[in-house]
Amino acid sequence: MVTRITLTVLASAASLVPLTGPTAPLEWGTGPLTVDSLPRVTYVAHRGGAREVPENSMSGLMAAYGRGTAQVLDFDTRMLRDGTLVVMHDPLLNRTTYLGGEVRGLDGREWRGVRLRPKASLPGSWRSERPPTVAEVLDRLGGRILLMLEAKDPHSLRPLASLLRSRGLTRSVFVNSNDPALARRAHALGLLTQLWRSAEQLREDRPERWRSYVDLLDVDFRGRDRDLRRAVRSGIRWVWAHTVVTPGQRDRVLALGCNGVITDAPGRLARVPVRGAARPVQRGARPWRA
């Protein structure tokens, strides 16, 4: 059952205040943007850039897109009881909305009544809004910028694949999970696969075992140097580090050979140049599948 949280004041409606940075979004060509256009070092706005915008919100994703400080936008997905795929990180509504209860307890009609509760600590002022559905994000941003979505519900993989295929976005969206078995299933469905690993998991991982079906290895920046170097040498094409928030953290993982950072603060990192050139790291050979 969904229960309301008592609040005295709703979030006030106000215009968005962008961070300093490019005003034009990043786009290449006239067709759908694909992974072939990724730069040498990629910046990913984690949950849209959760220290700068309301996480997993349409206004936050659009602001991150418009600022042009990241080449990839990340968001989380969950499934409602009627199969509707929505954008939400937690299994419960309590932390980020004005409601309480389980996300999966709602249907699509009830989802229209959910309203996000922006953090007071965010820069600027943000209006309360309904969290989007996955289809809405794909229709608004798919092909205009690369996307990364985490499939929080394993059973949602086939519906997600259907949404991506129907929109011609199978080479424009990474599908993320912490489960190698789910990554293998996503690969079999013709999707771009992303596998995230914690610092603890990296100690025991042998990532070269996954290179036949993992396109992107998403490593915890807190991992040991030796573990990050092993990931870089695995033969997996992209190795990006999460969740980076400071220039120093970014500079370390790039120096260890990572070719991307997943950050809650893309605007902050964009304003601070990388210190020192990243040291070259020998990567394992891996033919790219079409």
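Biologist: Which elements do the buried residues of helix H1 pack against?

Modeller: In this predicted model, the buried residues of H1 pack against E2, E3 and helix H3 (134–141). Contact means that heavy atoms lie within 4.5 Å. Helices (H or I, at least four residues) and strands (E, at least two) are DSSP runs, numbered from the N terminus. Because the model is predicted, local features need pLDDT of at least 70 and side-chain atom pairs count only at pLDDT 80 or more, while totals for chains, interfaces and linings use all residues. Residues are numbered from 1 along each chain as its sequence is written, and side-chain values use heavy atoms, with hydrogens and water left out.

Biologist: Why is helix H1 described as mostly covered?

Modeller: Of the ten residues in H1 (residues 58–67), eight are buried. A residue is buried under 20% relative accessible area, exposed over 50%, and partly exposed in between (1.4 Å probe, protein chains only). Among the buried residues of H1 are Leu61, Ala64 and Tyr65. H1 is followed by Gly68, whose phi is positive, near 70 degrees.

Biologist: Which residues touch the most other members of the largest nonpolar core?

Modeller: They are Leu73 and Val219, in a core of 54 residues. Helix H4 gives the most to this core, with five residues. A nonpolar core is a set of buried Ala, Val, Leu, Ile, Met, Phe, Trp, Tyr and Cys residues joined through side-chain atoms within 4.5 Å. Apart from neighbours within four places in sequence, the contacts of Leu73 include Ala45, Leu61, Ala64 and Tyr65. A second, separate core of 13 residues includes Leu33, Leu146, Met148 and Trp240. In soluble globular proteins, nonpolar side chains tend to be buried together.

Biologist: What makes the pair of Phe174 and Trp240 edge-to-face?

Modeller: The ring centres of Phe174 and Trp240 are 5.6 Å apart and their planes stand at 75 degrees, so this pair is edge-to-face. Ring pairs link Phe174, Trp238 and Trp240 into a cluster.

Biologist: How do you know that Phe174 is buried?

Modeller: The relative accessible area of Phe174 is 0%, so it falls under the limit for a buried residue. Trp238, at 6%, is therefore buried too.

Biologist: What makes the link between His242 and Asp218 a polar contact?

Modeller: A polar contact is a pair of N or O atoms within 3.5 Å; within protein, one must be able to donate a hydrogen and the other to accept it, and residues adjacent in sequence count only if both atoms are side-chain atoms. The side chains of His242 and Asp218 are joined at 2.6 Å, so the distance is within the limit. These residues are 24 apart in sequence and 6.7 Å apart in space, C-alpha to C-alpha. His242 lies in strand E10 (residues 238–244) and, at 12% relative accessibility, counts as buried.

Biologist: Why is Ser172 called buried?

Modeller: The relative accessible area of Ser172 is 2%, so this residue is under the cut-off. Ser172 is found in the loop between helix H4 (157–166) and strand E7 (173–177). A polar atom of the Ser172 side chain lies 2.5 Å from the backbone oxygen of Leu33.

Conventions:
Phe/Tyr/Trp six-rings, centres within 6.5 Å; stacked < 30°, edge-to-face > 60°.
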